[in-house]
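Dear colleague,

Please find below the structure that I am handing over to you.

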Amino acid sequence: MKSSFSDIINAKTPVLVDFYADWCGPCKTLAPILKEVKDELGDNIKIVKIDVDKNQPLSAKYQVRGVPTMILFKEGKLLWRQSGVLQKHDIIAVINSHQ
């Protein structure tokens, strides 16, 4: 069964949503950084990638104007958002501050 976006962001585990586009250079830079974040934090974070071109209504709902945009959710609450590329330690610090 496929989870809906609201099911995913309502999880007790923090969920980092990466709004990206295939044509976006910085998005390609961010992808391996997010993999390192996942490798380091393991089950303490769920990372979901959303293609803004294929999910325009969802992108509009969260007012994603530029990519990449990361939004951190926990139990359905939007805790943090940031556009652009951040370094691994900065992303981990944000996630850890919302555990």
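**Proline 14 and its surroundings**

Proline 14 touches Asn44, Ile45, Lys46, Leu72, Phe73, Lys74 and Gln99, leaving aside residues up to four places away in sequence; contact here means heavy atoms within 4.5 Å. Please note that this is a predicted model, in which local features need pLDDT of at least 70 and side-chain atom pairs count only at pLDDT 80 or more, while totals for chains, interfaces and linings use all residues. Residues are numbered from 1 along each chain as its sequence is written, and side-chain values use heavy atoms, with hydrogens and water left out.

Proline 14 lies in the loop between helix H1 (5–9) and strand E1. Helices (H or I, at least four residues) and strands (E, at least two) are DSSP runs, numbered from the N terminus. Is proline 14 buried or exposed? Proline 14 counts as buried because its relative accessibility is 2%; buried means under 20% relative accessible area, exposed over 50%, and partly exposed in between, with a 1.4 Å probe and protein chains only. Proline 14 and glycine 76 are 62 residues apart in sequence, yet 9.4 Å apart in space, C-alpha to C-alpha.

**The chain as a whole**

The secondary structure of the chain comes to 4 helices and 4 strands, and from the N terminus on the elements run α-β-α-β-α-β-β-α. The radius of gyration is 13 Å, which agrees with the value near 13 Å that a compact globule of 99 residues would have. This radius is taken over C-alpha atoms, and the globule rule is 2.2 Å times the number of residues to the power 0.38. Along its principal axes the C-alpha trace spans about 30 × 30 × 25 Å.

Buried residues make up 40% of the 99 residues. Of the contacts in the chain with a separation of 6 or more, 69% are between residues 24 or more positions apart. The chain exposes about 5,700 Å², of which carbon and sulfur atoms supply 52%; accessible areas come from the Shrake-Rupley method with a 1.4 Å probe, and for residues only the protein chains shown count as cover.

**The sheet**

The 4 strands form an open sheet in the order E2-E1-E3-E4, with mixed pairing. Strand E2 (46–51) and E4 are the edge strands, each pairing on one side only. Neighbouring strands of this sheet are turned by 20° against each other on average, direction ignored. Two strands pair if DSSP finds at least two bridges between them. The individual pairings are as follows.

- Strand E1 (residues 15–20) and E2 run parallel and are joined by 6 bridges; phenylalanine 19 has isoleucine 50 in E2 as its bridge partner.
- E1 and E3 pair in the antiparallel sense over 5 bridges, and leucine 16 stands opposite leucine 72 in E3.
- E3 and E4 pair in the antiparallel sense over 6 bridges, and isoleucine 71 stands opposite arginine 81 in E4.

Why is E3 largely enclosed by the rest of the structure? The reason is that 6 of the 6 residues of E3 are buried. Both faces of E3 are covered, with Thr69, Ile71 and Phe73 buried on one side and Met70, Leu72 and Lys74 buried on the other. Helix H4 (residues 88–97) lies across E1, E3 and E4, running at about 25° to E3. Axes are lines fitted to C-alpha atoms, for helices over the stretch in contact, and angles run from 0 to 180 degrees between N-to-C directions.

**Backbone features in the loops**

Most residues other than glycine have a negative phi, and most peptide bonds are trans. A cis peptide bond, with omega about 0°, joins valine 67 and proline 68. Proline 68 is placed in the loop between helix H3 (56–61) and strand E3 (69–74). Glutamine 63, also in the loop between H3 and E3, has a positive phi of about 50° although it is not a glycine.

Glutamate 75 lies in the loop between E3 and strand E4 (77–83). In the hairpin of E3 and E4, which has 2 residues between the strands, glutamate 75 takes a positive phi near 50°. Glutamate 75 counts as partly exposed because its relative accessibility is 38%.

**The disulfide**

The count comes to 1 disulfide, a disulfide being a pair of cysteine sulfur atoms within 2.5 Å. This disulfide joins cysteine 24 to cysteine 27, with 2.3 Å from S to S. The link of cysteine 24 and cysteine 27 is right-handed, with 85° about the S-S bond. Cysteine 24 and cysteine 27 are both buried.

Kind regards
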